[in-house]
Amino acid sequence: MRVALGVLGVALAAYGGWLLLRTQDTGEVLTIGVWLGAGVVLHDAVLAPLTIVLGWAVARRLPDPVAAGAVVVLVVLGSASLVAVPVLVNSAGPQTNPTLLVRDYPLGWLELAGASLVLAAVVTAAVLRSDEARRRNGADPGRR
Amino acid sequence: MRTPPVLRRLPIPTEDSFTSRLRSAAVTARVGLWLGVCFAVAFVTGVLSHYAQLDHQPVPLPTRPVWGYQVTQGLHVVAGTAAVPLLLVKLWTVFPRLFQAVPRRAGELVRAVLERGSIAVLVAAAVFELATGVANVAQWYVWDFSFRSAHYAVAWVATGALLLHVAVKLPVVRAVLTADVDDTTHDRPGAVRPGPLTRRGLLRVTWLAAGVVTVAAAAGTVPALRRLAVLAPRDLAGGGIPINRTAREAGVVGAAAAESYRCVVTAGSRQVVLSRQQLLALPQRTATLPIACVEGWSASGSWTGVRMRDLLDLVGAPAGKEVRVSSLQSPHDTVLPASFADDPKTLLALALDGDPLSLDHGFPARLIAPDRPGVEQVKWVARIEVLS
């Protein structure tokens, strides 16, 4: 079954590659190739190292319960911010369609940032409370 | 050649440099499972959407439920949006693998190159699909290739690479998913440092992020959630039904507003030419139908106009024929499968919610049919041609 699944996978991917070559001209195929590569490079060489540095700073500087809250901010607001790039950038330019990009996106981002801070505080409080309960019961502080 | 001092000082990590016990196959597989579900939903609904936009569908899609495309395309964008945090967290858990030592024996080397090559294709295709999809819904066109055909072709690459990845990893996936999330059997030996959260905690935060991002970015036209959709490109407030492309953007303002506007209906050698006044004089019908955009948003309206079937009767066209509907916006047209052309709810609409159509909604006349992609609901209709 694994072999069948693998063969099916290779076949679908090959069909996708063939579609790409059939429906795009050479210049477009090259641009798409650059975009495909850029995604990997941006993640592996920019986003991931940045996350590591942030994670390292958080783990070193903040006590565990606060660091747990910082993880919430990083995951929730971090991914929301990436998704927000197109609306933030595009809404800053001239608009020709009154029904597109109708909101105040910088304000929306600030609201999301506020909401993630609240969620972070909730998580920090929850971690503190469960640590406290474990200590009172004399139990192991739990696996992290 | 000697290594330049700057490079010697750069800390190049190895797999063992990553010690957090959160970077575990037990976490990867759990996030990966839901990421796989998202990609599967996006792939199936995406292929369906691509098929719905074909001019000649070998097997025509059904005309009911009228909200079918609204749901499938909404799911497409929701699944893709939710996949963003899932993909980021999953990649974080497996990032150490990027620094795995390269095997020296030829056989192992070939295997490693093949496996890592397939992963590179998977990551590249997955990031490409999410990035172009998210940019497209904001109409942020920062590329010069065709979004639709590139997003479609790379979707097959991503899905194929994903199936291959699942095939390769299946034994590990099965083992970690049937064991407790804190089980360490399949962890890297060095991954023992406690994180600020438990593994369960990290998973919960990931699900939370998927929910928050999806509502914030993709729920703009969902009435109950639209106030929370602070990053959504579209909204129902104010203008009612959103517009994908305005009359000015389409370059049809002059032709659409002109007194000389006529709609031509033809079948073989028979032809009738109708002004908007003449269209208004024909029996008027009203249908409540959604405009459901490929970009995921949708909004329902009450459309009034002439039934397509009544127009086809004017030129004596028999039932069961495909019909090409063309716009003043050249070259923009759609071919209605026969079942859609003959459907009593398919209208050449002249009014929306009781008011004459606005220019941006397709004045003088637009096509509205049940269960069709918004891009195929041709505006500024100039010609209706029964195909033989």
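Reader: What makes residues 32-59, 66-89 and 109-128 of chain A a group of their own?

Author: An unreviewed UniProt entry annotates these three spans of chain A as "transmembrane region". The label comes from that record, and such annotations may be inferred rather than shown by experiment. The coordinates discussed here belong to a predicted model.

Reader: How do you know what secondary structure residues 32-59 of chain A have in the model?

Author: The assignment over residues 32-59 of chain A is 100% helix and 0% strand. The end C-alpha atoms of this span are 38 Å apart. Residues 109-128 of chain A are likewise 100% helix and 0% strand, with end C-alpha atoms 28 Å apart.

Reader: What pattern does chain A follow along its sequence?

Author: The pattern is α-α-α-α. Chain A has four helices and zero strands.

Reader: Why is chain A called more spread out than a compact globule?

Author: The globule rule gives 15 Å for 144 residues, whereas the radius of gyration of chain A is 23 Å; that is well over the rule's value, so chain A is described as more spread out than a compact globule. Its C-alpha atoms fill a box of roughly 70 × 55 × 25 Å along the principal axes.

Reader: How many of the residues of chain A count as buried?

Author: The share is 26% of the 144 residues. To count, a residue needs 20 or more other C-beta atoms within 10 Å of its own.

Reader: Is A:Leu101 buried or exposed, and why?

Author: A:Leu101 has 22 other C-beta atoms within 10 Å. The cut-off is 20 or more, so A:Leu101 is buried. This residue sits in the loop between H3 and H4 of chain A.

Reader: What makes the backbone of A:Leu101 worth a remark?

Author: Phi of A:Leu101 is near 55°, which is a positive value in a residue other than glycine. In chain B, B:Gln139 also has a positive phi, about 50°, and is not a glycine. B:Gln139 lies in the loop between H4 and helix H5 (147-178) of chain B.

Reader: Why is B:Gln139 called partly exposed?

Author: B:Gln139 has 18 other C-beta atoms within 10 Å. Buried requires 20 or more and exposed requires 12 or fewer, so a count of 18 puts B:Gln139 in the partly exposed class.

Reader: How do you know which residues of chain A touch chain B?

Author: The test is a pair of C-beta atoms within 7 Å. By that test, 60 residues of chain A are in contact with 69 residues of chain B. Helix H1 (2-23), helix H2 (26-61), helix H3 (64-92) and helix H4 (105-136) of chain A each give two or more residues to this side. H3(A) gives the most, with 16 residues.

Reader: What kinds of residues make up the side of chain A that touches chain B?

Author: They divide into 34 nonpolar, 18 polar and eight charged.

Reader: What confidence does the predictor give the complex and chain B?

Author: The complex has an ipTM of 0.94 and a pTM of 0.94. Chain B averages a pLDDT of 94, and 97% of the residues score at least 70.

Reader: Into which domains is chain B divided?

Author: There are domain 1 (10-228) and domain 2 (247-386). The bounds come from an automatic or database domain assignment. The C-alpha centres of domain 1 and domain 2 of chain B lie 40 Å apart.

Reader: How many residues of domain 1 of chain B are in contact with domain 2 of chain B?

Author: On the domain 1 side there are 25, in contact with 21 residues of domain 2 of chain B. Helix H2 (25-52), helix H3 (68-94) and helix H4 (106-137) of chain B each supply at least two residues of the domain 1 side. H3(B) gives the most, with seven residues. The domain 1 side divides into ten nonpolar, 13 polar and two charged residues.

Reader: What does UniProt list for residues 257-387 of chain B?

Author: An unreviewed entry lists them as "domain: Oxidoreductase molybdopterin-binding". In the model, this span is 14% helix and 41% strand.

How values were computed
Residues numbered from 1 in each chain as written. Chains lettered and ligands numbered in written order. Predicted model: local features only at pLDDT ≥ 70, side-chain atom pairs only at ≥ 80, totals over all residues. Contact = placed C-beta atoms within 7 Å. Nonpolar A, V, L, I, M, F, W, Y, C, P; charged D, E, K, R; others polar. pLDDT = per-residue confidence, 0-100. Rg over C-alpha atoms; globule rule 2.2 N^0.38 Å.
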